[in-house]
Amino acid sequence: MMSTERLKLVLLAALLVVWGVSIPAQAAVTYSFECITTNDPSGYSAHVGETSLFVDVSKPFEDSEQTLFTFRNELGFDSPYDSYFIKGAYFYDGALLGIESLIEPDSTVDFTEGASEPVSSEDLPGARKLVAGFEVVGDADNDLEAANGVQPGEWLGVLFNLRVGQTFDDVISGLNDGTILIGIHVGGFGNGDYNDSFVNRPEPIPAPGAILLGGIGVALVAWLRRRRTF
């Protein structure tokens, strides 16, 4: 018999597939990122990251007490910085309680939960407290880390539980007023010479939510199949 947790995820996957062809694009609220470090003296790493890294925030069920965050790396031009990748993401304060699951589209993206905190709270407005974080699975020479990160054209989903009494609207309000912050650590800038940290901007931007959510639903089904042997 299928466990309650697995049944819940199967239903989530099915709904996301259906929504991918039926919901309007504005169903996902999208945020870009602002660089908070200056490791690349030219400033070009910050520019590339700020114009090609995004997180889409969506509600998996109408009555859900969960929120889905989808990180995207969308470099749109040839550049010596095209080897960069998201290596860690960190959630701060607000309505968020804890990660329910990571949704990895395939074997080229591999993260683990319970990570350390490279995005220093000293760099964040109000010195936000870390709620949860995850990092790329890597090795000492950084080659595997780069291969498993969210590289250009790839994405990673994070399904988050909310605190009791909190809603999806509370999450969006928190992202808009700064009571919730998302930090990301990005490596591989300048052919691997630089790492920089970013936090989400509070102003949402338009997002291609329908196509994105449909793809996540298909990927989640595949992810569930991989877990059937556990």
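Modeller: What follows goes from aromatic pairs to strands, a helix, a loop residue and salt bridges. Keep in mind that this is a predicted model.

Colleague: Start with the aromatics. How many aromatic pairs does a search of the whole structure find?

Modeller: The search finds six.

Colleague: What makes Phe-69 and Phe-91 a pair, and why is the pair called edge-to-face?

Modeller: Their ring centres are 5.0 Å apart. The cut-off for a pair is within 6.5 Å, so they qualify. Their planes stand at 65 degrees. Edge-to-face needs over 60, so the label holds.

Colleague: Why do you say that this pair ties together parts of the chain?

Modeller: Phe-69 lies in strand S3, residues 66-73, and Phe-91 in strand S4, residues 85-92. They are 22 residues apart in sequence, so the contact joins separate parts.

Colleague: Why is Phe-69 called buried?

Modeller: Its relative accessible area is 0%. Buried means under 20%, so Phe-69 is buried. Phe-91 also has a value of 0%, so Phe-91 is buried too.

Colleague: What makes Phe-71 and Phe-91 an aromatic pair?

Modeller: Here the centres are 6.1 Å apart, and the limit is 6.5 Å, so the rings pair. The angle between the planes is 70 degrees. That is over 60, so this pair is edge-to-face. Phe-71 sits in S3 and Phe-91 in S4, so the pair ties together parts 20 residues apart. Phe-71 and Phe-91 are both buried.

Colleague: Which residues form the aromatic cluster?

Modeller: Phe-69, Phe-71, Phe-91 and Phe-160 form one cluster.

Colleague: Now the strands. How do you know that S3 is covered on both faces?

Modeller: Look at each side in turn. Gln-66, Leu-68, Thr-70 and Arg-72 are on one side, and they are buried. Thr-67, Phe-69, Phe-71 and Asn-73 are on the other, and they are buried too. The count for S3 is eight of eight residues buried.

Colleague: Which strands pair with S3, and what makes them partners?

Modeller: S2 and S3 share six antiparallel bridges. Two strands pair with at least two bridges, so S2 and S3 pair. Val-55 has Phe-71 as its bridge partner in S3. Strand S8, residues 155-162, is joined to S3 by seven bridges and runs antiparallel. There, Leu-68 has Leu-159 as its bridge partner.

Colleague: And where does strand S1 pair?

Modeller: S1 pairs with S2 over four antiparallel bridges. Tyr-31 stands opposite Val-55 there. S1 also pairs with S10 over three antiparallel bridges. In that pairing Phe-33 stands opposite Asn-200. As for cover, six of the seven residues of S1 are buried.

Colleague: Why do you say that the buried residues of helix H4 line one face?

Modeller: The buried residues are Phe-168, Val-171, Ile-172, Gly-174 and Leu-175. Viewed down the H4 axis, they fall within an arc of 160 degrees, so they line one face. Asp-169 and Asp-177 are exposed on the other side.

Colleague: Thr-37 is in a loop. Why is Thr-37 called buried?

Modeller: The loop lies between S1 and helix H2. The relative accessible area of Thr-37 is 19%, and the cut-off is under 20%, so Thr-37 counts as buried.

Colleague: Last, salt bridges. Why does Arg-201 with Glu-50 count as one?

Modeller: The N to O distance is 3.4 Å, and the cut-off is within 4 Å, so the pair counts. Arg-201 is in the loop between S10 and helix H6 and Glu-50 is in H2, so this bridge ties together parts 151 residues apart. Arg-201 has a relative accessible area of 24%, which lies between 20% and 50%, so Arg-201 is partly exposed.

Terms used:
Residues are numbered from 1 along each chain as its sequence is written. This is a predicted model: local features need pLDDT of at least 70, side-chain atom pairs count only at pLDDT 80 or more; totals for chains, interfaces and linings use all residues. Side-chain values use heavy atoms; hydrogens and water are left out. Rings of Phe, Tyr and Trp (its six-membered ring) pair if their centres lie within 6.5 Å; planes under 30 degrees apart count as stacked, over 60 as edge-to-face and the rest as tilted. Buried means under 20% relative accessible area, exposed over 50%, partly exposed in between (1.4 Å probe, protein chains only). The arc is that of the directions from the helix axis to the C-beta atoms. A salt bridge is a side-chain nitrogen of Lys or Arg within 4 Å of a carboxyl oxygen of Asp or Glu.
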